[in-house]
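Visitor: I have a few questions about the fold and its packing. Could you take me through them one at a time?

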Amino acid sequence: MFFSTRHLLEHKRSLLTLSLISLCFSAHAEHLDLNKDMFVNRLSHPTPYIPAQCYVNPVVSKGENGQINEVANACYACHTNSKGPNVLNDIDSQVEYNFPEAGMHNPWDNLFSDNREKVKQISDEDIMAYVKQDNYFDADGNIILNERLRNQASTFDSNGNDQWDGYKADIYFNFDNKGFDHKPDGSFTGWRSYAYYPLVGGFMPTNGATDDVSIRLADPLRKNKQGEFDQEIYTINLAIVEALILEKDIPISPADETKLGVDLNKDGELTTASLIKYDWAPLQQRFMSYVGEAADLLKQGKLHLAAKMFPEGTEFVHSVRYLDIDENDQVTMAPRMKELRYAKKRAWKTYYDFEVISEDEIKERHDFPDRTKQIRGSAEEGVRVLQGWTYQGFIEDQQGDLRPQTYEEQASCTGCHSATGILMDTNISFYRKMPTSSFQQGWYHWEQRSMHGTPEPKRESDGEYEYSYYLKNNPTGDEFRSNQEVKERFFDKKGKPRAEMFERLHNDISLLMLPSKERAIALNKAYKVIVEAQSYIKGKTPLLKPLTDEVFKDIEPGQETGITNPLSAF
């Protein structure tokens, strides 16, 4: 049974609540007429690529003489000693604010907005009715966003050809027991969902949103040598990509190497393989290969393969959603999307290309510290990063329907997905995919299996538990030190770790990941205020109070963060 049954029920239920929801929020929002001017290449400030988190003041307390007594280091989660071919190694960004002059003033005004009165005006019943409404599918299972892109093409068209040339949503969230997505007619879309350990900090659901990610490889990697879609071929090629990204052996269902013409397990002969052996060292003449049509293209140089690199044509789709409450009062993923994000690798870059990109970034930060980055792309086609990827997003309009993000809204993607040490070919989540020892070998959607009972991962460098390590260096569990619920859950009033809670966390990450019912509802309301104001370019983080002490409004040239002991993310 596919997962569409639940969605169809939600669609029909949403129709019953639609009129009520419109009435509930009419007092809070005026109608916003989208216009073509919103989607031109325009910036309200020149540094949207510097995230709001980077303006945080890590200093928690000082002594009477001004000496720093305590810091909370959330910076290491992104700025770290990197893994090749990403050789940026921007661990120094933990120590000093390396901002150009134009970025010295904090443009993320929503961090300082006091929306508590507006939040109070939204009832619990109204907000939960709102998040339970599906804004991706209509009652017949059609993708609402695509209808809108067709009907309002002239509004969203930024290149003057009177049509939408960006990504058209084509994932149905209809996953089988191997994680593959299916269209309503049962055919494959090519998307495959995978579960992953959320990155520490803001991406943990306790800080305001659930999310999911699916991957799709280019068409040739899904086909056999006869040019036909072949699920076995596609599954094996995905396992090969996983082996290359993780640099690990990946188990597979028994495969006939003779038929495939590739020695997958590297035993020197064509037999039956039950794993993809990671053994790629071109300088030592050790190579790997895709299977099917992609194997021939690889030999012809029309497709490429390398460790820590995705093949060209790889796509990701990422939905960001509200927090729902199920019938057991458990926090879960809501039907309503806050955003739908999309990425595609449009060009292959070599290791040398990556080295040049990183060296240019380092040189520019040193030699031209006040030079701001040029952001390439448009609202219609997405923004491009030097590593060969295009990023695009869709977000709620004032009425809660998904619309294309503006050029500036999408420009914010480039900071996290191009110039941070944590990245693997500009991606983060796939390197954090659940191991093959997990449910369905890690190929599943969160609606198929929740986080409950998922053991805590360990760090590569020192073997410490990853989330526990983060909490000990950042007790509130978010970059803005705003999540007091997490702090009280894992630390006592004197700030000492609650040993029993950390012990439980080792065996069940949901203890940290999922907020209380009360916090989830409050965060939903806080984000709804941002939606009503359409103020995304001022910040999208739902906050329960303004940040007065935790975030700088202005940074001084050469200012240090107060962190003296940089940490590694790995």
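Visitor: Is Ile-171 buried or exposed?
Guide: The model is predicted, and the values here are computed from it. Ile-171 lies in the loop between helix H5 (153-156) and strand E3 (180-182). Its relative accessibility is 0%. The cut-off for burial is under 20%, so Ile-171 counts as buried.

Visitor: How many residues of E8 are buried?
Guide: Strand E8 covers residues 315-325. It is largely enclosed by the rest of the structure, because the buried residues of E8 number eleven of the eleven.

Visitor: Over how many bridges do E8 and E9 pair?
Guide: The two strands run in the antiparallel sense. Ser-319 stands opposite Leu-340 in E9, and Phe-316 has Ala-343 in E9 as its bridge partner. The pairing of E8 and E9 extends over ten bridges.

Visitor: Which residue in the turn between E8 and E9 has a positive phi?
Guide: E8 and E9 form a hairpin. Five residues sit between them. The positive phi, about 65 degrees, belongs to Asp-329.

Visitor: What is the bridge partner of Thr-210 in E8?
Guide: E5 also pairs with E8 in the antiparallel sense, over seven bridges. E5 spans residues 210-216. In E8, Thr-210 is partnered by Arg-321.

Visitor: Which residue in E12 does Ala-343 stand opposite?
Guide: Strand E9 (residues 331-345) is mostly covered, with twelve of its 15 residues buried. E9 pairs with strand E12 (residues 389-396) in the antiparallel sense over seven bridges. Ala-343 is the bridge partner of Phe-316. In E12, Ala-343 stands opposite Tyr-391.

Visitor: Within what arc do the buried residues of H14 fall?
Guide: Helix H14 (residues 499-507) has Met-501, Phe-502, Leu-505 and His-506 buried. Seen down the axis, they line one face of the helix, because they fall within an arc of 150 degrees.

Visitor: Which residues are exposed on the other side of H14?
Guide: The buried face carries Met-501, Phe-502, Leu-505 and His-506. What covers these residues includes helix H12 (466-473), helix H13 (484-490) and helix H15 (510-513). On the other side, the exposed residues are Ala-499 and Asn-507.

Visitor: At what angle do H12 and H14 pack?
Guide: Their axes are 9 Å apart. The packing angle is about 145 degrees.

Visitor: How do the residues of the contact of H12 with H14 divide into nonpolar, polar and charged?
Guide: H12 brings Tyr-467, Ser-468, Leu-471 and Lys-472 to the contact. H14 brings Phe-502, Leu-505 and His-506. The division is four nonpolar, two polar and one charged.

Visitor: Is Tyr-197 buried or exposed?
Guide: Tyr-197 is found in the loop between strand E4 (188-194) and strand E5 (210-216). Leaving aside neighbours within four places in sequence, its contacts include Arg-432, Met-434, Thr-454 and Ile-509. Tyr-467, a residue of the contact of H12 with H14, also touches Tyr-197. At 12% relative accessibility, Tyr-197 counts as buried.

Visitor: Which residues is Ser-289 in contact with, leaving aside its neighbours within four places in sequence?
Guide: Ser-289 lies in the loop between strand E7 (272-276) and helix H8 (293-299). It is buried, with a relative accessible area of 19%. The contacts of Ser-289 are Ile-240, Val-262, Ala-295, Leu-298 and Leu-305.

Visitor: How many disulfides does the structure hold?
Guide: Cys-413 is buried, with a relative accessible area of 18%. Its closest cysteine sulfur, in Cys-416, is 8.4 Å away, too far for a bond. For the structure, the number of disulfides is zero.

Technical notes:
Residues numbered from 1 in each chain as written. Predicted model: local features only at pLDDT ≥ 70, side-chain atom pairs only at ≥ 80, totals over all residues. Heavy atoms only, no water. Buried < 20%, exposed > 50% of the residue type's maximum accessible area, 1.4 Å probe, protein only. Helix = DSSP H or I, 4+ residues; strand = E, 2+ residues; numbered from the N terminus. Arc of directions from axis to C-beta. Contact = heavy atoms within 4.5 Å. Axes fitted to C-alpha atoms, helices over the stretch in contact; angles between N-to-C directions. Nonpolar A, V, L, I, M, F, W, Y, C, P; charged D, E, K, R; others polar. Disulfide = S-S within 2.5 Å. Pairing = 2+ DSSP bridges.
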